[in-house]
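This briefing is for a reader new to the structure.

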Amino acid sequence: MDLKDKLISSFMAFENNIDVEHSVHDIRTAAMKNFETRGFPSKKEENWKYTSLNSLQKTDFSIFPREENTLEYKDVKKYFIHEIDTYKIVFVDGIYSSYLSETTHDGVDICLMSAALTKPMYKQVIDVYFNKIASKDESLTSLNTAFSREGAYIYIPKNKMPKKPVEILHFATGNEASLMLQPRNLIVVEENAELQVIERHQSLTSNEVLTNSVTEIFAAKSAIVDYYKIQNDNSTASLIDNTYIDQKDKSVVKIHSFCFGGKLTRNNLNFYQNGEFIDSTLKGVTILGEKQHVDHHTLVHHKQPNCESHQDYKGIYGENSTGVFNGKIIVDKIAQKTDAFQQNNNILISDKATINSKPQLEIFADDVKCSHGCTIGQLDNEALFYLQTRGIPEKEARALLMYAFANNVLASVRIPELKTRINKLIAKKLGVNLGFDL
Amino acid sequence: MLKIRNLHASVEGKKILKGINLEVNAGEVHAIMGPNGSGKSTLASVIAGKEEFEVTQGSIEFEGEDIDEASPEERAHKGVFLSFQYPVEIPGVSVTNFMKTAINESRKAKGLEDMPAKEMLKLIREKSEMLDIDRKFLSRSLNEGFSGGEKKRNEIFQMAMLEPKLSILDETDSGLDIDALRIVANGVNKLRSDDKATILITHYQRLLEYIIPDFVHVIHDGKIVKSGGKELALELEDKGYDWLKQEAAV
Ligand SMILES: Nc1ncnc2c1ncn2[C@@H]1O[C@H](COP(=O)(O)OP(=O)(O)OP(=O)(O)O)[C@@H](O)[C@H]1O
Ligand SMILES: [Mg+2]
């Protein structure tokens with residue numbers, strides 16, 4: 001049985017364990033139908049030209065873990081930004097771990113999707129926001145919607161800001177030979193409220209994991225959201241991340257994706273600007289080796305006048321790794337005075353590594369500022385020689401140049417401890433210790 | 001300190017150095033002059049270990065050791081420093097962080113611990129004051145957007161920080177205004193000592209008024225065609241290079 005059939009038959013088993021009378025269930029059934037019709041995307045589709053899901057579909061993933069697994073904090077501490085205090089929403093093999101988590105209802109709700117989808121007190125928010133910005137057409141998003149049950153639920157009311165950042169962590173223990181996870185997150189940040197989130201998926205063994213995640217973020221008027229994705233999973237873990245952002249007037253949403261590992265990572269990052277004077281920022285640092293593959297698909301849809309968007313993706317590809325950057329910007333006819341910027345710079349440090357970079361601009365307004373640029377190159381030999389003549393060995397000199405290359409993406413990370421952590425991850429990835437943080 | 005014998009070097013099959021002989025002893029200052037494209041920067045790069053240049057004949061000895069096979073960083077660790085004619089811009093690395101890395105990597109190569117942060121700061125302050133470099137400058141990205149003169153001054157700052165045995169200054173005077181030239185020359189003079197040596201590559205007699213050379217050499221078409229004392233520089237200023245080119249052709 002291939003994965004699609006298995007998912008379809010699992011859906012019935014899934015229905016036995018949830019409240020099918022709840023209004024959300026109609027959404028699930030419709031989504032399942034869409035997935036049944038469309039199936040997994042194939043390389044024939046333009047959006048999936050460079051990323052194949054074929055081998056994943058042949059893997060016999062467990063759709064639900066057979067049993068609950070526990071983890072000791074000391075064993076997974078290093079995956080948390082433990083230098084600072086944070087709220088934590090932690091899942092182990094897709095199941096909420098109250099032991100590792102720290103949620104709150106103190107003026108803000110930082111808790112569980114399973115609670116939000118079942119308890120009456122959340123019904124109003126769910127009715128207004130759940131599955132409202134996520135695509136109803138895209139098949140993997142539909143697949144996630146069909147199985148939506150667990151994930152993070154964050155609601156920040158007007159003028160509020162949680163006392164500390166929120167970490168969303170997904171661990172896979174490897175107790176299943178191969179496991180599929182489908183977390184579903186809903187994040188609502190009301191007017192003038194603020195939120196910082198760090199999200200990470202971590203597999204703890206070499207058993208295969210496939211995560212198909214959907215996150216919906218709603219940023220109301222003047223809301224500020226900083227979202228950091230750490231994608232440093234091991235080489236048997238794949239991630240399909242579908243993130244949808246709805247922004248209203250004057251809101252500022254920044255998403256940073258740090259992609260340092262994983263077998264296959266697909267980021268579908270979709271921004272919809274439903275207001276004026278919005279600021280959307282999409283930044284990424286990718287450093288891959290082995291046979292790792294990443295595919296960054298971004299969309300910024302400028303639907304109203306006077307908004308800005310900034311995209312800055314840096315990639316360093318070594319060994320047999322492959323990368324894709326596909327950045328789509330749509331500027332509607334009414335979206336005058338749009339300022340859209342997109343930059344994708346890549347360094348290939350091996351002859352076998354490849355990158356496909358493609359800007360896609362669809363501009364229907366006439367008074368706009370849109371710029372895009374893409375570069376693919378090697379490290380500058382003259383710069384390398386310069387550093388070496390100062391006594392910096394070649395390996396460190398290369399690393400320093402790569403650091404420097406990624407640096408302006410790190411500059412906008414607003415949590416200093418996270419920045420230090422990212423720096424360390426980069427240094428580790430490059431196999432050096434430079435003795436300073438940029 | 002430095003012994004260059006019959007050095008031939010080419011790049012992409014093109015012969016650039018065609019038999020250079022040069023001996024520099026501790027305590028000496030040598031000036032190298034010569035027309036554009038004659039091979040001065042190439043010589044400097046070859047001494048510093050640039051791999052693009054292929055040494056086809058001859059040898060370079062530094063402090064009694066053959067350094068032909070040494071990497072640029074190994075040469076730096078032994079005490080060779082090159083102030084670039086065109087310093088490279090490195091966006092994303094501050095001057096301070098760059099210097100920290102350079103100093104600590106050099107110490108590591110010598111089996112020493114990292115320099116304590118306090119000591120490092122003191123050293124940076126001391127040397128930047130000596131060269132009249134604004135502190136704000138040090139937190140900027142290395143050479144990025146620096147003016148021509150600022151880049152050159154920054155090269156000498158790096159030299160002062162690293163305290164090399166042999167400093168090769170490739171047209172460090174070009175692009176410096178009169179005041180900067182005096183400051184940089186003073187800096188170089190302060191760092192002079194009996195156990196150090198300097199090679200100055202320049203087109204102008206002016207620098208040699210501040211840093212008085214013991215020897216002046218003229219390179220033409222990849223060879224040293226004339227050597228002499230400091231008077232030779234004055235003679236060149238007066239007569240140009242044509243007479244030497246003709247002499248060389250004979
Ligand atoms: N990487 C290279 N590839 C090809 N030719 C080179 C390369 N580097 C130097 N050359 C050539 O070698 C010759 C010597 O160059 P070099 O830079 O050493 O001259 P120079 O004496 O320093 O001149 P200037 O006074 O203009 O600085 C020139 O003809 C130059 O074009
Ligand atoms: Mg030159």
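In this predicted model, E382(A) forms a salt bridge with K50(B), and the closest N and O atoms are 2.5 Å apart. The pair crosses between chains: E382(A) belongs to helix 8 (residues 381-389) of chain A, while K50(B) sits in the loop between helix 1 (40-48) and strand 4 (54-62) of chain B. Over all chains the count comes to 32 salt bridges.

**The pair between chains**
- E382(A) is partly exposed, with 29% relative accessibility.
- K50(B) is buried, because its relative accessibility of 13% is under 20%.

**A pair within chain A**
- E102(A) and K164(A) meet through their side chains in a salt bridge, at 2.7 Å from N to O.
- E102(A) is in the loop between strand 2 (95-96) and strand 3 (109-112), and K164(A) is in the loop between strand 4 (152-156) and strand 5 (166-172), so the pair ties together parts of chain A that are 62 residues apart in sequence.
- The relative accessible area of E102(A) is 30%, which counts as partly exposed, whereas K164(A) is buried at 15%.

**A pair within chain B**
- A salt bridge joins the side chains of K78(B) and E65(B), at 3.2 Å from N to O.
- K78(B) lies in helix 2 (residues 72-78) and E65(B) in strand 5 (residues 65-66) of chain B, so this pair links parts 13 residues apart in sequence.
- K78(B) is partly exposed at 27% relative accessible area, and E65(B) is partly exposed at 41%.

**A network**
- D85(A), E102(A) and K164(A) are joined into one network by salt bridges that share partners.

Technical notes:
Residues numbered from 1 in each chain as written. Chains lettered and ligands numbered in written order. Predicted model: local features only at pLDDT ≥ 70, side-chain atom pairs only at ≥ 80, totals over all residues. Heavy atoms only, no water. Salt bridge = Lys/Arg side-chain N within 4 Å of Asp/Glu carboxyl O. Helix = DSSP H or I, 4+ residues; strand = E, 2+ residues; numbered from the N terminus. Buried < 20%, exposed > 50% of the residue type's maximum accessible area, 1.4 Å probe, protein only.
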